[in-house]
Amino acid sequence: MKKMTGYPSIDLPQSKDAKFFEKNPIIPSVDMITILKLLSKNNRNIPAIDCNELHATYQQLIDDAHTLCLAYRELGVKKGDIVTISLPSNYQAITSFLALNELGAITTFIDNYSNKEEIISYLNNYESPIFINYDRTNEENEEIKQKTHVKYIITLSEKLKNSLDINNNYRLNNSDEYIDFHTLGSLAKYQKDRIHLPNKGNDDSLILYTSGSTGQPKAVVLTNKNILSAQMYAGNTSHTENITGTKTMTCVPLRYPYGMVTSLLTSLLWGKEAIMTPDWDSNTVEYYFKKNPNIIFGSPAVLEMTLRFLPKDMDLSNISHFISGGDFLTLQHANRAYDFFAKHNNTSIEIGNGCGNAETVSIGSTPVGIPLKQSTAGKILVGTTPLIIDKDVPDDKPIENPELLEEKKYNEVGELCLAGDYVFKEYFGEPDKTMCAKFVRNGKTFFRTGTLGFIDEEGYFTPTDRKSRFYIRSTGHKVYLDNVQNIISMCDNRIADCAVVKMPDENELFINKAYIVLTDECYDTEDTKCEIFDKLMFPVSENAGTLKEYEIPKEIEFVKELPRKAGTEKIDYTVLENEALKTLNANAQKKQKTL
């Protein structure tokens, strides 16, 4: 077959066989809670959420969200407020989002592993009127309250996480600043109920997080229209109405768009039962798979956990799709998985990659509902416009003349840019970065994804590289290596240079290893190493950069210098990853000989 030499942005190959309204969808200007109510109107009594021991139908989900809406209104939350939530990926998190969406408030999810200093920074940045957290102590809550403008702190206790009851006795007094999540139903009774008038599509809805080339998270502001557009584009591409199976399993934390939107909201809008996995790790994999999911939203890390920790005799014939996001699933990894599932009574599963960014609501392409091409990330979404530009176009300043950009043809590698109504509104408080990330060409607003690759004549996208370094641990947490590296570099003035890479681990899938170059006057002793570890675990001041528990390197190795790519000052991380693997294998061999 002769290769075509056209341009993806002109030919729109992914839309070749689509219907007119799939290519040109009409996006309703409403909020997400209204869409959910409309789509579930005739199926309110079917299961919606399975979260550990907690189960809820669509009617219960909508009712609980409305009750929380009244409670948050009683606490003074109003349209446009930004509410910060630090919960696991659980039922109370999704009901709170829907409640705030009904109010017209904006939800931002942050890691429930965040330390007090991070939380205080977020709360002050967003001027959040309330803070919803998980099982924090009275002392922690009091310190957070004193250092922010938060009026009320709501805590979900660990012992009640599986309870649907939110009507425990409570009467709000002006002096009550700390509230038990399970008393919010009592607060709702003080608010007069009224008919919900939908908020607008262009109203802000979510603030979720991404990472740039430095690993520093950026706060991505998404509107109702952004989220709904992404859902419609993906649905029109994969024809989700034809996908069999009633249960999905989301194995990604809700603070990532792939977890909150692509996995969870997609499941609910499809009318599926969403299995949530707030306690996902090597010890709970079997527990969650015994809930018999049909469609799994995961990552290469989730797949690897599946291969390692499920019993050999477990029947997995119920699974129809494994959709990998967050990181790229290699062909070798997919083939291992196909062999694994075949041994577990499943020869019909589809295992495919998607790709996306927070700035496009985590969806840029999909492998679902189309013929699989295993080495690709599926098809670019119908209704969107892709553009491949030269990979060397600087991304630290705005593109001055977008119309003059050279466009790559089919099968030519460059940076993927995407246009559509799902392109985010802005980075919160960072207009300069917003201007660098977006540009207008031929009347369309494009987002620069930072992902390198090419589009073929059928509209499939094949990623070849990316501009940021990260990996996903077995627990679903993303680790941005450049960010970890920067914090380590600044933690001690004896560190002259530093590089951090991932290293395979038996239980965590990957862990961090740091290679450190010390200043000339310092000695690479075990005492020095211990002192640096102490500073990473216990920062010396509130202004010092802090690492989350899962970001702290398990190993530090002192070296004289770091390897560089030929002719450049760029660190050659591939060399260091290979060195880490060699050391790991050598230590394993020594241990085996000892045994």
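Biologist: Which residue lies over the face of Tyr427?

Modeller: Happy to look! This is a predicted model, where local features need pLDDT of at least 70, side-chain atom pairs count only at pLDDT 80 or more, and totals for chains, interfaces and linings use all residues. Residues are numbered from 1 along each chain as its sequence is written, and side-chain values use heavy atoms, leaving out hydrogens and water. A charge sits over a ring if NZ of Lys or CZ of Arg is within 6 Å of the ring centre and within 35 degrees of the ring normal. At 5.3 Å from the ring centre of Tyr427, the residue is Lys218.

Biologist: What kind of aromatic pair do Tyr126 and Phe428 form?

Modeller: Rings of Phe, Tyr and Trp (its six-membered ring) pair if their centres lie within 6.5 Å; planes under 30 degrees apart count as stacked, over 60 as edge-to-face and the rest as tilted. The structure holds 14 aromatic pairs. With 4.9 Å centre to centre and 65° between the planes, Tyr126 and Phe428 are edge-to-face.

Biologist: Is Tyr126 buried or exposed?

Modeller: Buried means under 20% relative accessible area, exposed over 50%, and partly exposed in between (1.4 Å probe, protein chains only). Phe428 has 24% relative accessibility, so Phe428 counts as partly exposed. Tyr126 has 5%, so Tyr126 counts as buried.
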